[in-house]
Amino acid sequence: MKPVLIVRTGRAPNPIRARHGDFPHWFRLGAGLHPRQLQVIDVAAGEALPAPREVAGAIITGSAAMVTERSTWSERTAGWIRDAMDIELPLFGVCYGHQLMAHALGGRVDYLPGGREIGTQTIEVSMLATRDPLAASLPARFRAHTTHEQSVVEPPDGATVLARSTRDPHQLLRYGPHALSVQFHPEFNAEVMRAYIRRKQADLRLEGADPEKIFSAVAATPIARQLLRRFSRHHHWAVAAG
């Protein structure tokens with residue numbers, strides 16, 4: 001059986017990792033995968049990706065890095081994404097992974113106008129989602145956790161925008177029959193979201209935001225969390241209850 005690849009583009013901050021675990025663990029639980037199904041490749045540490053045909057699909061994680069830095073490892077991963085798209089490999093990108101997929105396929109990534117988006121947001125689903133095999137089952141509005149400074153400011157040609165938030169018009173993109181990405185974090189639970197807000201509270205105050213208000217607004221995001229599991233089931237990955 002071919003493994004499902006977790007393309008690790010970063011790590012959770014040390015205090016969060018010590019208390020809550022790290023990206024591969026969160027994605028394994030979110031997608032309903034058994035540890036034996038997974039192959040984790042730390043591209044940010046220089047690890048080489050297997051050929052796309054050697055894996056069943058890939059989840060591309062978030063990162064504290066910026067796509068606009070055009071780091072060597074990031075650009076190499078963008079090339080791998082293009083190769084994976086050529087064979088219609090199932091791909092699910094999150095946050096940095098979302099931005100990197102869009103960049104790899106010809107879109108433009110830059111800083112989100114107005115500054116960072118962080119906390120539990122209301123995501124509004126577009127009318128185009130009614131025809132999407134995965135997004136069609138989403139309600140018109142649902143909650144999702146976010147933390148990002150950069151965003152997809154121009155989607156690639158041919159991409160379909162399936163959802164937005166008040167601040168970010170490109171929260172959920174479809175690139176092809178098996179390729180999807182989200183700016184929000186379906187792998188986060190409420191405690192992880194609160195931990196990120198606590199970590200950023202000084203920056204938020206400097207930016208004129210109210211971290212206490214953002215913290216108190218954190219809520220459960222069951223619909224967002226289900227999206228990753230539905231993608232996994234759609235591609236016959238999910239075998240574990242979590």
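How many residues has helix H3, and how far does helix H3 reach from its first C-alpha to its last? Helix H3 (residues 72-86) has 15 residues and reaches 22 Å, close to the 21 Å expected at 1.5 Å a residue; the expected span is 1.5 Å times one less than the number of residues. Helices (H or I, at least four residues) and strands (E, at least two) are DSSP runs, numbered from the N terminus.

This is a predicted model, in which local features need pLDDT of at least 70 and side-chain atom pairs count only at pLDDT 80 or more, while totals for chains, interfaces and linings use all residues. Residues are numbered from 1 along each chain as its sequence is written, and side-chain values use heavy atoms, with hydrogens and water left out.

**Helix H3**

Among the buried residues of H3 are Trp73, Trp80, Ile81 and Met85; buried means under 20% relative accessible area, exposed over 50%, and partly exposed in between (1.4 Å probe, protein chains only). The buried residues of H3 pack against elements including strand S1 (4-8), helix H4 (96-104) and strand S10 (172-176).

**Aromatic pairs**

The model holds 7 aromatic pairs. Rings of Phe, Tyr and Trp (its six-membered ring) pair if their centres lie within 6.5 Å; planes under 30 degrees apart count as stacked, over 60 as edge-to-face and the rest as tilted. Two of the pairs are tabulated here.

| Pair | Centre to centre | Angle between planes | Class |
|---|---|---|---|
| Phenylalanine 142 and phenylalanine 184 | 5.8 Å | 80° | edge-to-face |
| Phenylalanine 188 and tyrosine 196 | 5.0 Å | 20° | stacked |

Phenylalanine 142 lies in strand S7 (residues 141-148) and phenylalanine 184 in the loop between strand S11 (179-182) and helix H5 (190-199), 42 residues apart. Both phenylalanine 142 and phenylalanine 184 are buried. Phenylalanine 188 counts as buried because its relative accessibility is 1%, and tyrosine 196 is buried at 10%. Phe188 and Tyr196 form one aromatic cluster with Phe23 and Trp26.

**Nonpolar cores**

A nonpolar core is a set of buried Ala, Val, Leu, Ile, Met, Phe, Trp, Tyr and Cys residues joined through side-chain atoms within 4.5 Å. The largest has 44 residues, of which Trp26, Phe92, Phe142, Leu172, Phe184 and Tyr196 touch the most other members. H5 gives the most to this core, with 6 residues. A second, separate core of 26 residues includes Val67, Met101, Leu173 and Ala179.

Notes:
Contact = heavy atoms within 4.5 Å.
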